[in-house]
Structures are given as structure tokens and as C-alpha cells.
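Me: I have a structure open and want to learn how to read it. Can we go through it feature by feature?

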Amino acid sequence: MSPPGRSTAPRVLLVDPYMAREDPMERKFIELYPSLGLLTLGAYLREHGVAVEAVDLTFSRSTQPVADRIARFKPDIVGVHTKTLTRERAIKIATLARTGGALALAGGPDAASATYGYLEAGFDAVVPGEGEAALTDLAHAVHSGSWPEKVAGVAYREHGRVVRGPPRPFLRDLDELPLPAWDLVDMPGYLGRWERATGERRAAILTSRGCPFDCSWCSKPTFGRTFRQQSPARVIAELRALHERYGVNYVRFCDDVFGIHRSWLDDLLTRMKEEDLGMKFECLARVDLLKPDLLARMRAVGLERVYVGVESGSQKMLDLMNRGTKLAQVERTAEALRREGIRQFWFLMLGYPGETLEDIDATLRLFRRFSPEEYSVSIAVPVPGTRFFEQVKGSARALGPHAGSEGGRTLLFDGMYPQRLYRWEQRRFRLEAALGRARSKLGDRMVGRIGKIADRFHKSVAAPLLTGDAPKGS
Ligand code: B12
Ligand code: SF4
């Protein structure tokens, strides 16, 4: 691939096609962080003799920066990070790569679950799993003129079907990963944006890969149910580097589930306290792991906000989702979070098969009882590869090109009730959240009365109309 006379190091251009201005969610949440996958890939490649550059389109308006960089850097490989939301743009970048004489390579969650689609749409190859070692080997192979077929962990297309190279085992020790190559992206841009919005310099960090739990709707195409974590010492080294190099004073732990092993977390918290970096933090965790005494410890070390997958206020639904959590644990955790003054962000899900109006009401009652500071109520998305998808695939509608915006907002399979009912239910949660916020101004009695009127209207007018159970003539 590379012309004679070029430097001996292979060249890889990494691209994040995500553009914040086009993310429908972005209007609500200002949560922008560079892709940790790409930063780690970049650092690992460098450590293994590959020249790396990156184009992160997060703050861009077009793909022109990619075309410009391909022309200047002349990479052997253009490696694109993929999410369903950015699929169309990723495909456009594959064309730019091939036009520029580079191998077009896709990796990341969407290419892992739709490998064939990416290959058919113009990518030469896909890394559907962990990327560091596979991409390093591929870069050296391509640079020396061979084709991906010999490289473990790489998929490509041959005679119209996907051929997967030999399987590649996961990295055994995550401590071997170098610190992310933050210099590849516009860290001052990200940090400045956070600072303007919150007064804090926020960055993301990952301490583990994978998740051993088995929620039936969760898609985990890259790491499956495996779980590996870095040592607390390695995590501290990364926190220190972020603090010293970039003045970061707030971190988001981006693990699928933070602190799965209590002894590990206790060790990390002790070290964070000793290190005294003065950093606040937030994380996503499960209610069964967040014991009240642990929350108190975490609060003392700087925990500000926790994302919790509450999902439903009905135990029957939690069981159907194979969530492995109990309502009593949700209640205990929500109470402890309130007591400790830690912000709680609840993830709730509507429309999962088996859910009745009574189950939705139970979720609303739970929400009303605890009034989390932040929340998101999505409509269950049957992602291919999950048990949920298998259950509803007969009626599932494929995620369209705007899947990122549809996912979670639109009913993508034949659910128990019509689409309009779920839209209405989402509005009920919005009203409930607004009432919760207005409680201090309106007082408990007034909020209670409005809530009761809304409930009566829902039960006697809206629900029958929206589900089609309205008496004739109504
Ligand atoms: C942390 C996180 C976030 C954070 C930070 C995002 C970021 N910039 O990294 C926040 C909250 C901001 C976020 C936002 C969004 N996220 Co998010 N997020 C995650 C989460 C929990 C971890 C991501 C991560 O760092 N993983 C660890 C790294 C090491 O893994 P990785 O990125 O997959 O990369 C490895 C391999 O995939 C591969 N690889 C990746 N890219 C490439 C490229 C090449 C060329 C190669 C060879 C290999 C390769 O190698 C990497 C290293 O081994 C994942 C779930 C998950 N476990 O992956 C969801 C996840 C990635 N997010 C998802 C979504 C949908 C979003 C949003 C689109 C939501 C929205 N706003 O609508 C946005 C998009 C924002 C963006 N910038 O892209 C989905 C994507 C699903 C899909 N098929 O598209 C996931 C999988 C969650 C899920 N199950 O639904 N997210
Ligand atoms: S939803 Fe969370 S806890 Fe459940 S399997 Fe997925 S990552 Fe693990």
C-alpha cells in the first residue's frame, strides 16, 4: 500500500466520525468526551512502531478535515470508529480512504454488530473485537504489502461473504495499555467546553473492559460477558496524568459498571484519598453494588453523581429483563444517595415485552417517590444479537439510517401497546419531573393535587384512548 521510498513505519489515521451538532441527544446533554477506544488504540500503535494521527470530527461541520489529512499524511490505513448514529458518515469516510489509496478499516460497536453491512458498504476490513493488537498487526502487514486475511481478529469480504481471520484473544493484562494518547485530539477544546458549561475541567477514564452481568436487552458486541480491570495503581497513574497535564478536576468513570469488585474499589478509594488530587467524580453503577456504607466512602472521596440503571418500578419487569436487581435495592440505594447528597441519574425503560399499564404506573410511582435529579426514559430497543431481539425479531423493524435518533424514542417492534401510548407515558414522566422540581415553590400539597388530577386523567381518559380500549363514542 505504501509507495516506495516512504518512511519505514506504517501509518494509521484514526477517525471519529461523531459530530456533536448532529446528535439529537446533544441538545439535552452536554456530555462530550473524546473516544477512549481511539485514544488507547493510538497510544498502543505508537508504542508498537506505528505512526499515528487522528481526526476527531466531534466539533466539525463536514468530513473535509478527513480528506485533507489523508492527502497530507498518506496513511496505509484509515481506521474509523463506528456507532450506529454515525454509520452513514463512516461509509463516506471509507470512500475517502480508498480514494486516497488507504485501506478502509472499521472498528467499534456498530461495525462489531453489523460487520457484513460495513464490508458491503465499502470498507475493506473490520476489526469486530478488541482493537489494539489486531490493528497493530494489520498496520505492519498492510505496510509490508500483505492482505488482512493473515491477521487474527480481522474480518473481510470474499466472494460476497464475511471471512473472519483467526480469533484473537483479549489482552490479558489491561495494565499493559499505555496512557491514552490525549494529544491526538483537541483536549483544550473539550476541556474548555466543559469549563464554560460547568466550571469544571472534565475528562473521561476507563478502568475496566466488559461486564459479567447478563441483562437481556444489553448489546455487548465487543467484549461480550468478559470482564477485566486495571489495577488501582494504574488507574491512579491515569488520574494523576490527567490532573497534571490538563488540570482535570472532575472525571467520569466510563466503565459499563464501575466497581464490580468491592475490594478493588475500596483499594482505589483509599489511594484516591491518599493521592489527594482534589478531583470530583461520577460513575455508572448497579443498585445491587452500591451499598450505603460504600456510598458514604465514595462521597467522602469526591463522588458527585451516579448513573443508575433503575429501568423499572416493577419487580416482574426487572426479572423479565434478567436485570438481577431487586426493587428493595433500588429503594435502599436511592435513599442512601439522597442522604449523602449525591446526584442521581436514573435510566428507565418502557415497552419491554410483558410490560402492562400497571407496570408503567409502578415505575412512575417509584419515580415520584424519589424524584431523581436527572433521568432518561427510553423505549426499549431490540438490538440484534441480544435475547430481547431474538424474542421480538418477528416484528422488529430494522434500525434505519437515523437509528441513533430513533433508538430509545420509537417503538421498533410490535409492542403491547401502540407507539402513541409510550410517547404519552414519556410525557407523564416529564410532568412528574417538572412537579418534582417545582415542589419547593408549590409545596407538597399542591404538587400532590396536580399529580392526582394527572393520574385520574391518565386512567380514565388518556390510557383508554391511546390503547384503543376507549368505550364506544368516547
Ligand atoms: C463511555 C461511553 C460513552 C461516553 C463517552 C463516549 C466516548 N466519546 O467515548 C458518553 C456518555 C459521552 C457516550 C455518548 C454516546 N454513546 Co456511548 N458508550 C460509552 C460506553 C459505556 C463505553 C465506551 C468505551 O469507552 N468503551 C471502551 C473502549 C476501549 O472500547 P471501544 O470504544 O469499543 O473501542 C475498542 C473496540 O471497539 C475497538 N475499536 C473501536 N474503534 C475502533 C476503530 C478501529 C479502526 C479499530 C480497528 C478498532 C476499534 O478497539 C477499541 C479498543 O479495544 C459504551 C459501551 C461499551 N462498553 O462500549 C457506550 C456506547 C459506545 N455508546 C453508545 C451510544 C449510542 C452513544 C451515543 C450515540 C448516545 C447518544 N448521544 O445518542 C453518544 C455518542 C457520543 C460520541 N462521542 O460518540 C452505544 C453505541 C451503540 C452503537 N451500536 O452505536 C454503546 C455501545 C452503548 C450501548 N450498548 O448502547 N458514550
Ligand atoms: S446493562 Fe449494564 S449491567 Fe446489564 S449487562 Fe449491560 S453493561 Fe452489564
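Me: In strand 12, which residue is the bridge partner of Tyr-250?

Reply: Keep in mind that this is a predicted model. The partner of Tyr-250 is Lys-280. That pair belongs to a set of 4 bridges between strand 11 and strand 12 (residues 280–285), which run parallel.

Me: How does the chain get from strand 11 to strand 12?

Reply: Follow the chain through helix 9 (residues 262–275). This β-α-β crossover is right-handed.

Me: Which residue in strand 11 is the bridge partner of Ala-204?

Reply: Arg-252 is. Here strand 8 (residues 202–205) and strand 11 (residues 250–253) run parallel, joined by 4 bridges.

Me: Now the ligand. How many residues surround ligand 1?

Reply: 36 residues do, and Gly-37, Gly-79, Gly-107, Gly-108 and Gly-131 are the closest. Next, sort the shell by type: 16 nonpolar, 13 polar and 7 charged.

Me: Which helix gives the most to that shell?

Reply: Helix 1 does, with 5 residues. Strand 3 (77–81), strand 4 (103–107), helix 4 (109–113) and helix 6 (132–143) are also among the elements that each supply at least two.

Me: At what angle do the axes of helix 16 and helix 17 cross?

Reply: At roughly 175 degrees, and the axes come within 10 Å. Angles over 145 count as roughly antiparallel, so helix 16 and helix 17 are roughly antiparallel to each other. Their contact includes Trp-424 in helix 16 and His-458 in helix 17. Its residues divide into 12 nonpolar, 3 polar and 4 charged.

Terms used. Residues numbered from 1 in each chain as written. Chains lettered and ligands numbered in written order. Predicted model: local features only at pLDDT ≥ 70, side-chain atom pairs only at ≥ 80, totals over all residues. Near = placed C-beta within 6 Å. Nonpolar A, V, L, I, M, F, W, Y, C, P; charged D, E, K, R; others polar. Pairing = 2+ DSSP bridges. Right-handed = clockwise from strand over helix to strand, strands pointing away. Axes fitted to C-alpha atoms, helices over the stretch in contact; angles between N-to-C directions. Parallel < 35°, antiparallel > 145°, perpendicular 65-115°, else oblique. Contact = placed C-beta atoms within 7 Å.
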